[in-house]
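Please keep the model open while reading.

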Amino acid sequence: MLRVGLLVIASLALGTTQDVDSDFRIIGGKPVNINTVPYQVSVIVQYGTYLIHTCGGSILDEDTILTAAHCVTLSTRYFIRAGSTNNRYGGQFIEVSEIIVHPDNDPSTFDYDVCILKLKRKLDFGALVKPIKLADSEKYYKTGTKSLVSGWGALQNEGSITDKLQAVSIPLVDHKVCKEIYSEINDVTDRMFCAGLLGVGGRDSCQGDSGGPLAADGVLIGVVSWGNECAAPDYPGVYANVLALKSWVESKMG
């Protein structure tokens with residue numbers, strides 16, 4: 001079963017501090033403070049009187065967030081929370097003014113799975129809120145490269161999300177190998193790449209992490225996109241390739 005990131009299991013009532021099971025998080029990761037990944041944001045959707053963390057995102061500039069295309073619906077109201085380790089309170093809470101999905105996005109295959117969120121007001125940069133640089137070289141995509149994925153996602157497929165930020169380090173997987181692994185499930189295109197502990201499992205992003213950052217050496221190399229379940233030893237996570245989509249992303253910044 002393909003796992004994607006539009007997770008609406010744990011809801012947050014407006015104006016409340018409803019608890020969420022803190023055992024459910026990025027798989028194999030550990031709690032981190034937002035100052036470790038100050039480019040990370042929570043993408044929050046409004047359903048009636050409820051605010052729900054649905055995906056992650058990355059800060060590109062003062063009013064531009066990068067997330068996954070499958071995280072959004074154009075007719076829905078979204079917000080982001082930046083500068084907070086907890087996705088329920090604190091930091092900077094700003095409404096999204098515009099949603100720009102990549103024109104070549106294919107929801108059925110997750111190809112070109114990127115989306116730009118423009119904010120109604122600018123972020124105030126500081127120690128807890130910073131933009132991240134986009135990958136500009138293939139050197140970040142070598143097999144075995146250590147990368148860091150972060151978010152508020154689930155411990156297991158279709159599990160609950162956590163309200164406290166988590167992160168885990170995972171290596172990149174050879175593109176040809178990953179393409180073969182998924183050959184009977186979905187095409188791993190040139191706009192995608194894979195990361196995870198192949199043959200071992202136990203570390204991965206999961207539902208609720210989608211749209212969030214995968215970074216290497218402090219540079220954004222991927223956007224959490226899809227995979228077959230979560231942390232399965234035979235199926236690494238699949239990420240949108242930031243370098244391959246860089247020109248379009250940069251055209252929507254500023």
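Helices (H or I, at least four residues) and strands (E, at least two) are DSSP runs, numbered from the N terminus. The model is predicted: local features need pLDDT of at least 70, side-chain atom pairs count only at pLDDT 80 or more, and totals for chains, interfaces and linings use all residues. Residues are numbered from 1 along each chain as its sequence is written, and side-chain values use heavy atoms, with hydrogens and water left out.

**Pocket.** A pocket is an open set of points on a 1 Å grid over the protein atoms alone, where a 1.4 Å probe fits, with protein on both sides within 12 Å along at least five of seven lines; lining residues have an atom within 4 Å of a point. The largest pocket holds about 190 Å³ of space, a volume being the space filled by probe spheres set on the points. Its lining has 13 residues; Glu138, Tyr141, His175, Phe193 and Asn241 lie nearest the centre. Two or more lining residues come from each of strand 12 (166-173), strand 13 and helix 2 (242-251). Strand 13 gives the most, with three residues.

**Strand 7.** Buried means under 20% relative accessible area, exposed over 50%, partly exposed in between (1.4 Å probe, protein chains only). Five of the five residues of strand 7 (residues 78-82) are buried, so the strand is largely enclosed by the rest of the structure. Tyr78, Ile80 and Ala82 point one way, Phe79 and Arg81 the other. Strands pair if DSSP finds at least two bridges between them. Strand 7 pairs with strand 4 (residues 40-47) in the antiparallel sense over five bridges. Here Val43 has Ile80 as its bridge partner. Strand 8 pairs with strand 7, also antiparallel, over four bridges. There Arg81 is partnered by Phe93.

**Aromatic pairs.** Rings of Phe, Tyr and Trp (its six-membered ring) pair if their centres lie within 6.5 Å; planes under 30 degrees apart count as stacked, over 60 as edge-to-face and the rest as tilted. The count comes to six aromatic pairs.

Phe110 sits in the loop between strand 8 (92-101) and strand 9 (115-119), and Trp226 in strand 15 (residues 219-228), 116 residues apart. Phe110 is buried at 11% relative accessibility, and Trp226 is buried at 0%. Phe110, Tyr182, Trp226 and Tyr235 form one aromatic cluster.

Tyr141 is buried, at 14%. Phe193 is buried too, at 6%.
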